[in-house]
Amino acid sequence: MAESDIVKQAGLLALEEVTFSAGSVSILQPVSLDLHRGRMTGVIGPNGSGKSSMVRLVARQQQPTSGTIRLDGRPLDGFGDRELARRIAYMPQFTPPAEGMTVRELVALGRFPWHGALGRFSLEDREKVDIALERTELTRFADRLIDSLSGGERQRAWLAMMLAQDTACLILDEPTSALDIAHQADMLALVRDLTRERDLAALIVLHDVNMAARYCDELVALKGGRIVARGAPESIVEPGTLEALYGLRMGILPHPATGQPLSYVA
Amino acid sequence: MTSRRVLLPWAAMAVLAAVLFAWKVRDAWPVGGDHLQWVILQNAVLPRAAVAILAGAALGLAGLLLQRVLRNALAEPSTLGISAGAQLAMALATLFAPALMIWSVGFVAFTGGIAAVAIILALTWRRGLEPVSVVLAGMMVALTANAASAALILANGDYLFSLFIWGGGSLVQQSWDPAVTIGSRLAIGLAAAILLLRPLAILGLDDASARSLGVALHASRFAIVALAVWIATTVVAAVGVIGFVGLAAPALATLSGARTLGQRVVAAPLIGAILLWLTDGLVQLVSGVGGERLPTGAATALLGGPLLLWILPRLRMMEWPSLSTLMAASRRAARPSAIIVIALVALFGAALAALLIGSGPEGWSVATGSLLADLSQWRAPRIVVAAAAGAMLAAAGVMVQRLTGNPLASPEVLGVGTGAGAGLTAVLLVNAAASLFWQIAGAAAGALGALLLILGVAARGKFGPERLLLGGVAIGAAASAVITAVIAMGTMTSYTLLTWLTGSTAQADATQAWTALALAVMLVAPAFLAVRWLEILPLGGETAKSLGVPLKRARFAVVLLSALMTAAAAMFVGPLSFIGLIAPHLARLVGLGRARDHLLGAVLLGAALMVLSDWLARMVAFPYQLPVGLFASLIGGPYLIYLLSSGARSRH
């Protein structure tokens, strides 16, 4: 227990002076960040601020140009492919169509890091898939083809796949960009609840500041590849920070029910 | 400033070509009133240079017009099947209507070329002439026309062989006539292009804008396509197929900074002329005294391949709706194992029919008893070879389609089959009597090279499945130009290659049957070890990576295995068959969706289809034996078209 406390103290995931450039274009300036279990961290910022690049680095979809990313204190480079996939689950910004695949088959792919290319699909694998389907309320769709689902259900199926992966980290790159407002709220509430239930560290890129403030425990604001602000939603959603972030005068209203700050374009 | 920098290399190449030409003229210069030398200089050396320049310019112009009108950066006479169609028409006319050939070779060639284009446009009309579909249809028409020409030549022996030397695009001249013909067409074409500059500029936009700007869309489009075909087929009729100049010249003109259409109309023919003149000069330099081993048209293809790979990532292409909507949502079988058993039964049924039922002078007959025992030593090896090849192609098709997540990808479409042919060609060039082992090794190396090249470029240029396909088609065209060129040499190797090209199983013997069977078992079995990868790979690199698939290793293994299977299959049934495209689709269509079922079903169905094709090829035109590859492509072609047109329907 003591050891896990220390890990918790230091953060499950740590970015240390991480930079990223594509060719001669610098996309991320040195960025340092800790992610903790049981917390949902939202990444906000204008287009081209490096949000996607940052989470892609954490998911090891790309290699940082310099700096280190550590998971449990170990550099990310040192992890094997499947070993890392057992710790970090990642949903890309554009999920592929997964044509001709049933929901259960897609979710079962989340077990690949555990059974590998040749291993048996065990009873445990089956259970994890069932639980993931249950938790995302997809059990009754399990044998439907992915193509036949609505956008919201499809996105839930991808989340279920990440759950079946049974990782400590969830990384989602704009999971709500194609969803209507009701499905956005469902999706974010689900991710937040899972973060609590399973004591996960979640890192999620969001476009909508108010949505991000409503569901995340902490926000990281990026601009020009730099972290310009970081903290509880109340400390980020305030006129000065938002104007610095988006270059647009914005005002704040308290939420009528919860009192949380809501931004609007002034 | 930049324009000066990009003009410099062209000027340098033109000077180099001129120096090579001057060298040649000096060699041929008559000394001491040698009359024969004088004739050679006047009627061979000089017109040859003129033809090179004019044909290059004509092809550059034709390519530019086609690319502009079809809004397709890869449209050109050879990718659109115009050259192959012209060639087939000339072969047919030579055999069945020699009077036509005497009357006007140009007319025959034009008819063939325009027929090829008409077929392609008709096929892809419903998809709005989308570039990928157009080029795929073009490839199909070209492959089928080439195979048909090859079959005609094989059936008629030496008589048609001169035609194939044409095919290689030899620029050797005996008079000024071809130069004059091409030159006059080029002049007319240029004049027309300048007159049509404005509608052409608008036709490069999308249909809606063109229409709203008041252009008579279809009329002008057809007129310009017909003009381009006329120019291109004039070249084919005069000197044969010269690949890549029509493709490269407009692309290089654009890359060299010709921005407006007016600039391109000048630059593309100029660049085409320089390219062909220089290539021809180099060919003459290399060939030296001992006669020419390499026709210029084949040399342009050889140089064009690498050039194309360099161009592809740099081309800006018009964005078209993605192909990923091509596959209609398939239904899934409740019990895949039952479907697989049915596929197995179908395979055995086809094999049994092929073994028992034959066609003779008195119609169809069923062989039994001692007759069967006699016949099966001829029939059984064919059946085994066909089944093994079909199984391997189908497995390779499943793997390539799943690897690229592209329902139109297949070993044939990606140029792997023709790449195998190029490898085989290389082996046969070194040793015309190479053993089966070396032939297969060469074919495998060629197939692997083609596949790695195309996937490497795809990964580096980060282009989507559409460009992957286009690149594959282009590599296939380059490889088949090499094959054509070697066939044009008219040696013993030519016959081996011609037989291979048409995909004949008629000579299959017990050794071949055992080899094919062993290869099929050895190569198809490991594919099943990769089914979990194959399940994940269609979801794309990002997903595969985040699930912990060792991406590089998995991709390489899949590529290697499918290249080997394609090469082995192409060895026995030739480069074209489309079984690798169809069988995976068929398996999906009957409801096999999971990677393992999909693979198993496709293998069985592919084997059954190939056995069936082989049997029909044997039966349909008795006593003649049609080549199985040709026959299979005649079955596969319409399916590809159905696929293209049904994809359009599901989208609208």
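Start with the sheet in chain A. Four strands form an open sheet here, ordered 2-1-4-5, with antiparallel pairing. Two strands count as paired if DSSP finds at least two bridges between them. Helices (H or I, at least four residues) and strands (E, at least two) are DSSP runs, numbered from the N terminus. At the edges of the sheet stand strand 2 (25-35) and strand 5 (74-75) of chain A, each with a single partner strand, so one side of each has no neighbour in the sheet. Strand 1 (residues 13-22) and strand 4 (residues 66-71) of chain A run antiparallel and are joined by five bridges. In that pair, Leu13(A) stands opposite Leu71(A) of strand 4 of chain A.

Before going on, some housekeeping. This is a predicted model, so local features need pLDDT of at least 70 and side-chain atom pairs count only at pLDDT 80 or more, while totals for chains, interfaces and linings use all residues. Residues are numbered from 1 along each chain as its sequence is written, and chains are lettered from A and ligands numbered from 1 in the order in which they are written.

Next, helix 6 (residues 123-135) of chain A. Its 13 residues reach 18 Å from first C-alpha to last, close to the 18 Å expected at 1.5 Å a residue; the expected span is 1.5 Å times one less than the number of residues. Which residues of helix 6 of chain A are buried? They are Lys128(A), Val129(A), Ala132(A) and Leu133(A). Buried means 20 or more other C-beta atoms within 10 Å of the residue's own, exposed means 12 or fewer, and partly exposed is in between, with C-beta atoms placed from the backbone. On the other side of helix 6 of chain A, Leu123(A), Glu124(A) and Glu127(A) are exposed. The buried residues pack against helix 4 (103-109) and helix 7 (151-164) of chain A. After helix 6 of chain A comes Glu137(A), with a positive phi near 55°.

Now chain B, which has 27 helices and two strands. Of its 652 residues, 57% count as buried. One of the residues in helix 5 (residues 105-124) of chain B is Ala116(B). Ala116(B) is buried, because 29 other C-beta atoms lie within 10 Å.

That's it from me.

How values were computed:
Contact = placed C-beta atoms within 7 Å.
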